[in-house]
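Please work through the following exercises with the sequence and the structure at hand. Each task is followed by a solution in steps.

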Amino acid sequence: MEDNKIIVHGVYQHWKNPEHYYRILGFALDRNTLEKRVIYRQLYEGDYPKGTRWDGIEREFLEKIVVNGKEIPKFKYIGKEMPGSGNGIKKRRHNLKKKSD
């Protein structure tokens, strides 16, 4: 994955707290500045409820920061699902009855 590309529907981890995950919902433009913004959903219970939607400037979302002398991403891409959540897809079984002639 490129460092400057944000994956829609991907899960990202915030650098300050490794238990704070967010799912990218999409992008929007700031009405006044036309800067590209990232729209994302909080995937944990905290000061704000799970499911809270946030937005941030794309450039800031992609920033790298220095922690203990090491450069790391502000938001780290984890994958399509949170760790330990399985594939996150609920399988549905359809009972299809064969028509008798």
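**Exercise 1.** Determine what share of the contacts between residues at least 6 apart in sequence joins residues at least 24 apart.

*Solution.* The model examined here is predicted. Step one: consider the contacts in the protein between residues at least 6 apart in sequence. Step two: of these, select the contacts that join residues at least 24 apart, which amount to 34%.

**Exercise 2.** State the order of the secondary structure elements from the N terminus on.

*Solution.* Next, follow the chain from the N terminus, which gives the order β-β-β-β-α-β-β-β.

**Exercise 3.** Decide whether arginine 37 counts as buried or exposed.

*Solution.* Begin by locating the residue: arginine 37 belongs to strand β3, which spans residues 36-42. Then apply the cut-off: buried means under 20% relative accessible area. Arginine 37 has a relative accessibility of 16% and therefore counts as buried. Finally, list its contacts: neighbours within four places in sequence set aside, arginine 37 touches Gly26, Phe27, Ala28, Asp30, Asp55, Gly56, Ile57 and Glu58. For the protein, buried residues form 27% of the 101 residues.

**Exercise 4.** Describe the largest pocket by its volume and by the classes of its lining residues.

*Solution.* Start with the volume, which is about 180 Å³. Next, identify the lining, which includes His14, Tyr22, Gln42, Asp47, Trp54 and Phe75. Lastly, sort the lining by class: six residues are nonpolar, four are polar and one is charged.

Note on methods:
Residues numbered from 1 in each chain as written. Predicted model: local features only at pLDDT ≥ 70, side-chain atom pairs only at ≥ 80, totals over all residues. Heavy atoms only, no water. Helix = DSSP H or I, 4+ residues; strand = E, 2+ residues; numbered from the N terminus. Buried < 20%, exposed > 50% of the residue type's maximum accessible area, 1.4 Å probe, protein only. Contact = heavy atoms within 4.5 Å. 1 Å grid on protein atoms, 1.4 Å probe; cavity = no way out; pocket = protein on both sides within 12 Å on 5 of 7 lines; lining within 4 Å. Points joined across faces, edges and corners; volume = space filled by probe spheres on them. Nonpolar A, V, L, I, M, F, W, Y, C, P; charged D, E, K, R; others polar.
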